[in-house]
Amino acid sequence: MPAVETHSNCNQSSTPISTKIISDTPGRLRLRIGHAHRQADTMQQIANTLKSKSNVQDVKTNLQHGSIVIKHDATDSSWEDVLATLEDLGVIFGEITEGNTEAATTVASAVVDLNKRVKKPQMAQ
């Protein structure tokens, strides 16, 4: 008897993709992908899969910030379809605890910016 091969969902990532919903307004969903999955191929796969959906008008990615902006029909069924598609891809939602928190990143950026603006006093000789 021939061996039976089983295949998992080909679209699903082998490891969960940690993601946080940053903004959710009617017709627009903005996500932040966890640092471990901020690779061009992973984010592009998510974007391409979403773009293939009839209820999605546009998907933009920003690899540096790990964000994905999804513009879709502003209906509940459209929103649910987008979430179901993301779940099929292995996306899980929650707080992203990898790396720096958003607050820590914001504070660090502010300190760096402030340091650039403040002139160091000259030492008296």
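On the α1 side you've got Ile46, Thr49 and Leu50, and they meet Val82, Thr85 and Leu86 on the α2 side. By type, the residues of that contact split into four nonpolar, two polar and no charged. Before I go on, keep in mind that this is a predicted model.

What about the geometry of that pair? Two packed helices are described by the angle between their axes and the distance between the axes. Here α1 is residues 40-51 and α2 is residues 76-88, and they pack at an angle of about 140 degrees with the axes 10 Å apart. So that makes α1 oblique to α2; the cut-off for roughly antiparallel is over 145. The crossing of α1 and α2 is right-handed.

Let me zoom out for a second. The chain has three helices and five strands, and if you read along the sequence the pattern goes β-β-α-β-β-α-β-α. There are 125 residues in the chain, and 29% of them count as buried. Now take the contacts with a separation of 6 or more: residues 24 or more positions apart account for 59% of those.

In what order do the five strands sit? Going across, it's β3-β4-β2-β1-β5, in an open sheet with mixed pairing. β3, which is 56-62, and β5 stand at the edges with a single partner strand each, so each of them has one side left without a neighbour in the sheet. From one strand to the next, the twist averages 30 degrees.

Strands of a sheet pair through backbone hydrogen bonds, either parallel or antiparallel. Let's walk through some pairs. β1, residues 17-25, and β5, residues 91-93, pair in the parallel sense over three bridges. You can find two of the partners by eye: Ile17 has Val91 as its bridge partner in β5, and Thr19 has Phe93.

On to β1 and β2, where β2 is residues 28-33. That pairing is antiparallel, over six bridges. Thr25 has Arg28 as its bridge partner in β2, and Lys20 stands opposite Arg32, also in β2. The hairpin of β1 and β2 has two residues between the strands, and Gly27 takes a positive phi there, near 85 degrees.

One partner to look for is Ile70 in β4, which pairs with Leu29.

How does α1 sit relative to the sheet? α1 lies across β1, β2, β3, β4 (67-72) and β5, and it runs at about 170 degrees to β3. And α1 is the helix I opened with, the one that packs against α2.

First up, Thr42, which is in helix α1. Is Thr42 buried or exposed? It has 14% relative accessibility, so it counts as buried; the cut-off for that is under 20%. Leaving aside residues up to four places away in sequence, Thr42 touches Ile17 and His37. Ile17 is the residue whose bridge partner in β5 is Val91. Thr42 and Leu89 are also worth a look: 47 residues apart in sequence, but 9.8 Å apart in space, C-alpha to C-alpha.

Next, Ser78, over in helix α2. Ser78 is buried, with a relative accessible area of 2%. What does Ser78 touch, once you skip residues up to four places away in sequence? Asn55, His72 and Asp73.

And last, Asp81, also found in α2. At 26% relative accessibility, Asp81 counts as partly exposed. Asp81 touches Lys53 and Asn55, again not counting residues up to four places away in sequence. Asn55 is in the contact list of Ser78 too, if you remember. Asp81 and Leu50 are 31 residues apart in sequence and 9.7 Å apart in space, C-alpha to C-alpha.

Terms used:
Residues numbered from 1 in each chain as written. Predicted model: local features only at pLDDT ≥ 70, side-chain atom pairs only at ≥ 80, totals over all residues. Heavy atoms only, no water. Axes fitted to C-alpha atoms, helices over the stretch in contact; angles between N-to-C directions. Helix = DSSP H or I, 4+ residues; strand = E, 2+ residues; numbered from the N terminus. Parallel < 35°, antiparallel > 145°, perpendicular 65-115°, else oblique. Left-handed = near helix turned anticlockwise from the far one by under 90°. Contact = heavy atoms within 4.5 Å. Nonpolar A, V, L, I, M, F, W, Y, C, P; charged D, E, K, R; others polar. Pairing = 2+ DSSP bridges. Buried < 20%, exposed > 50% of the residue type's maximum accessible area, 1.4 Å probe, protein only.
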